[in-house]
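Trainee: I have a structure open and want to learn how to read it. Can we go through some features one by one?

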Amino acid sequence: MRITRKQLVQLAYDTMNEYNIKMGTAFSSDTVELAFFTPKNGVAVYEEFCIRYFKRQLSEKYKSSGFFENFAAMAMIGDIKDGILVREDMDIPEYEWHHIFLHELSHILACREEIGGELFYDLFCVDYAESPEEDEYINAGYAIWREFSAELFAMDIDDGCVPFTISSVKKYIINLCKEITFDEPNAKEAMYRLLIFLFKSDDYYFSKNEDDFIKHISNCGLSVVLDFESVIRLVYQHLAGDSSWKIDVDFIMELGFLYTLSIANKRFKTIANG
């Protein structure tokens, strides 16, 4: 049975209370506004929501075909309030909605905390880079990191997430690696999901250092993952730091550069091998 809007509202604010207890945040109806849409009325709901609280997001390509069919919820950052735009016509069970809300709240927290209160996207993803290449690296790196970090912390908070090993999700990892190409429009999503499978695994938690972790991956028979070894090592080093929430433009640019370089090297290797 589809969850009603009233039930979604209650679940969203119950999830905020849970988040507050576990993370020391102060999410509530006073700080986070909810808006509900279907693909049919998405443009109108989005525009009304943005005009009230999120004017900067009116520059998004929200009128493009399929925009409102590609997500269940979207975190939005505002000057007066933050918000979550929620699609209300999806047959998603309650436990999945709970995790979706944890993920979106993690986006909000990350945006508020990752560079000391300012918004990384506004500062560095538009008209900052000195060249088109640097701009591409920054935007690619941030697209991967923001989804990875939000899911990483959502899974940490969600008691319903069960432990797993890399071997147990091997087939999913192999499929994700196949999707990380220049020709695949969802390659960045596949990259962040690959990183989640790796860095939420027991293999990561019990690894002694990055070399040991890479060895674990190799021993699982996942040589395809090692096409992205430089990305994995960079993320490992960052998570080992004092605060994995915090980022800077140099880290994000390096992440985007290594991601792009890894795909290029993967393509060259494929060509060389016939």
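Trainee: Which residues does Ser106 touch, not counting residues up to four places away in sequence?

Mentor: Some ground rules before that. This is a predicted model, where local features need pLDDT of at least 70 and side-chain atom pairs count only at pLDDT 80 or more, while totals for chains, interfaces and linings use all residues. Residues are numbered from 1 along each chain as its sequence is written, and side-chain values use heavy atoms, with hydrogens and water left out. Contact means heavy atoms within 4.5 Å. With neighbours up to four places away in sequence left out, Ser106 touches Tyr19, Ala150, Phe153, Ala154 and Trp245.

Trainee: Where is Ser106, and in which helix?

Mentor: Helices (H or I, at least four residues) and strands (E, at least two) are DSSP runs, numbered from the N terminus. Ser106 sits in helix α3, residues 94-113.

Trainee: What span does helix α2 reach?

Mentor: The expected span is 1.5 Å times one less than the number of residues. Helix α2 covers residues 42-53, which is 12 residues. From first C-alpha to last, α2 reaches 16 Å, close to the 16 Å expected.

Trainee: Which residues of α2 are buried?

Mentor: Gly42, Val45, Tyr46, Phe49, Cys50 and Tyr53 are buried in α2. They cover an arc of only 125 degrees around the axis, so they lie on the same side of α2. The arc is taken from the directions from the helix axis to the C-beta atoms.

Trainee: What do the buried residues of α2 pack against?

Mentor: Three strands: β1 (32-37), β2 (73-76) and β3 (82-87).

Trainee: How do I read a pocket?

Mentor: Rolling a probe the size of a water molecule over the atoms shows where empty space is left. A pocket is an open set of points on a 1 Å grid over the protein atoms alone, where a 1.4 Å probe fits, with protein on both sides within 12 Å along at least five of seven lines; lining residues have an atom within 4 Å of a point. The second largest pocket has a volume of about 170 Å³.

Trainee: Which residues line the second largest pocket?

Mentor: Among them are Thr25, Phe27, Asp30, Lys81, Ile108 and Arg112. Helix α3 gives the most to this lining, with three residues.

Trainee: What about Lys246: where is its place?

Mentor: Lys246 is in the loop between α10 (229-239) and α11 (249-272). Lys246 counts as partly exposed because its relative accessibility is 37%. Beyond four places away in sequence, Lys246 touches Glu113, Glu114, Gly116 and His238.

Trainee: How many residues apart in sequence are Lys246 and Ile115?

Mentor: They are 131 residues apart in sequence, and 6.1 Å apart in space, C-alpha to C-alpha. Now take another pair. Thr4 and Glu130 are 126 residues apart in sequence and 48 Å apart in space, C-alpha to C-alpha. Thr4 lies in the segment before α1 (5-23).

Trainee: Last one. What is phi of Asp127 near?

Mentor: Phi of Asp127 is near 60 degrees, a positive value in a residue other than glycine. Asp127 lies in the loop between α4 (120-124) and α5 (132-157). Asp127 counts as exposed because its relative accessibility is 77%.

Notes: Buried < 20%, exposed > 50% of the residue type's maximum accessible area, 1.4 Å probe, protein only. Points joined across faces, edges and corners; volume = space filled by probe spheres on them.
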